[in-house]
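These are my notebook entries on a single structure. I record below what I looked up, entry by entry.

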Amino acid sequence: MLEKIITLEDVSMVDFLGIHNSNIKEVAAAFPESKIISRGNEIRIQGTAPEIIRITDVMDSLLAHYQKYGKVTNDNVKGYLNGIVKSPVANGEDDDDVIIYGNKGLVVKAKTPNQRLLVEQASKFDLVFAVGPAGTGKTYTAVAIAVRALKNKEVRKIIITRPAVEAGENLGFLPGDLKEKIDPYLRPIYDALDDMIAPEKLKLYLESRVIEIAPLAYMRGRTLNNAFILLDEAQNTTPMQMKMFLTRMGPSSKAIITGDKSQIDLPKNLKSGLIDSLTVLKGIKGISFVELDGSDVVRHRLVKDILAAYEKSEQ
């Protein structure tokens, strides 16, 4: 009797093995002549060579399914065992609007024409500006594009940054050190990542700095190579900060800059680095500019009306 060990890396055990290992028990029941044991992050298969090959094929399909969809159900296992469902790798079919399959099977899609344009431009250009009002999915879509690039091994790391500018509040009065003061400003980033990456894997990525989330000030002096870099809330950068950020890009990096020209929190005497860059960089080959508007709002239906009312008032 032969034995093969499959080591599961960067996998949520509950989402892959099922509750009480129900998925692996289903596979074991289909191969009564063999023995399949799950322990920790290892699956031990004992049996004849032909049986081990068949079981390994099923396990490879299940792992490919997990990597694509973020979860394996008992019905999925039965489908692969019965040959009803093809492996996602072999099948090769996909929805054009799907950016990634997130945590627990969440499907992250481009929901509007301009979001789809952002996804398309990010695949063609190394530097993309995505400008639009609140609720248009700029940040969420940009994070999804970056996670997809990391998942597809197009980059080695993701760096997400924001300028630390108060929106009517004062950082100095918040408790804790600088990181603890900044983290609330980065909460939307963490929320997006929570949707897209399994908790265990996200924790590992953050601890190993494969995914780095930091205030813009931490970018000074660095060269960011082989990375996907996101600058969020770029309307709150100064022209010097924007120039500093743009010159951090290494030869194998890609960057998306998101911002909202209507929500600038800088002091009145300071010019926005985002607005400045839209003029300065216009016409440079290799840079794409994507404008999102009220038609791209994917929040509560009232948000579109609220944005329109404020725009009318400001005019």
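**Entry: Thr7.** I looked up Thr7 and found it in strand 1 (residues 2-7); strands (E, at least two residues) and helices (H or I, at least four) are DSSP runs, numbered from the N terminus. The model is a predicted one, in which local features need pLDDT of at least 70 and side-chain atom pairs count only at pLDDT 80 or more, while totals for chains, interfaces and linings use all residues. Residues are numbered from 1 along each chain as its sequence is written, and side-chain values use heavy atoms, with hydrogens and water left out. Thr7 has a relative accessible area of 41% and is therefore partly exposed; buried means under 20%, exposed over 50%, and partly exposed in between (1.4 Å probe, protein chains only). Leaving aside neighbours within four places in sequence, I noted Asn41 and Glu42 in contact with Thr7, contact meaning heavy atoms within 4.5 Å. Arg39 is 32 residues away from Thr7 along the chain, and their C-alpha atoms are separated by 9.9 Å.

**Entry: the sheet with strand 1.** I next traced the open sheet of 3 strands, which has the order 1-3-2 and antiparallel pairing; two strands pair if DSSP finds at least two bridges between them. Strand 1 and strand 2 (35-39) each have a single partner strand and stand at the edges, so one side of each has no neighbour in the sheet. On average, neighbouring strands of this sheet are turned by 15 degrees against each other, direction ignored. I found 6 bridges between strand 1 and strand 3 (residues 42-47), paired in the antiparallel sense, with Ile6 opposite Ile43 in strand 3. Helix 3 (residues 49-69) packs on the sheet and touches strand 1, strand 2 and strand 3. The direction of helix 3 makes about 10 degrees with that of strand 1; axes are lines fitted to C-alpha atoms, for helices over the stretch in contact, and angles run from 0 to 180 degrees between N-to-C directions.

**Entry: helix 6 and helix 7.** I then examined helix 6 (residues 113-124) and helix 7 (residues 138-151), whose axes come within 10 Å and cross at roughly 35 degrees. The crossing is right-handed, that is, the near helix is turned clockwise from the far one by less than a right angle. Helix 6 contributes Gln115, Leu118, Val119 and Ala122 to the contact, and helix 7 contributes Lys138, Thr141, Ile145 and Arg148.

I also checked Gln121, which lies in helix 6 and is buried, with a relative accessible area of 12%. Residues up to four places away in sequence not counted, Gln121 touches Val128, Ser288 and Val290.

Among the buried residues are Lys138, Thr141 and Ile145. Just after helix 7, I noted a positive phi of about 60 degrees at Lys153.

**Entry: strand 8.** Finally, I looked at strand 8 (residues 211-215), where 5 of the 5 residues are buried, so the strand is largely enclosed by the rest of the structure. In a regular strand the side chains alternate between the two faces of the sheet. Here Ile211, Ile213 and Pro215 point one way, and Glu212 and Ala214 the other way. Strand 7 (residues 157-162) runs parallel to strand 8 and is joined to it by 5 bridges, and Ile160 stands opposite Ile213.
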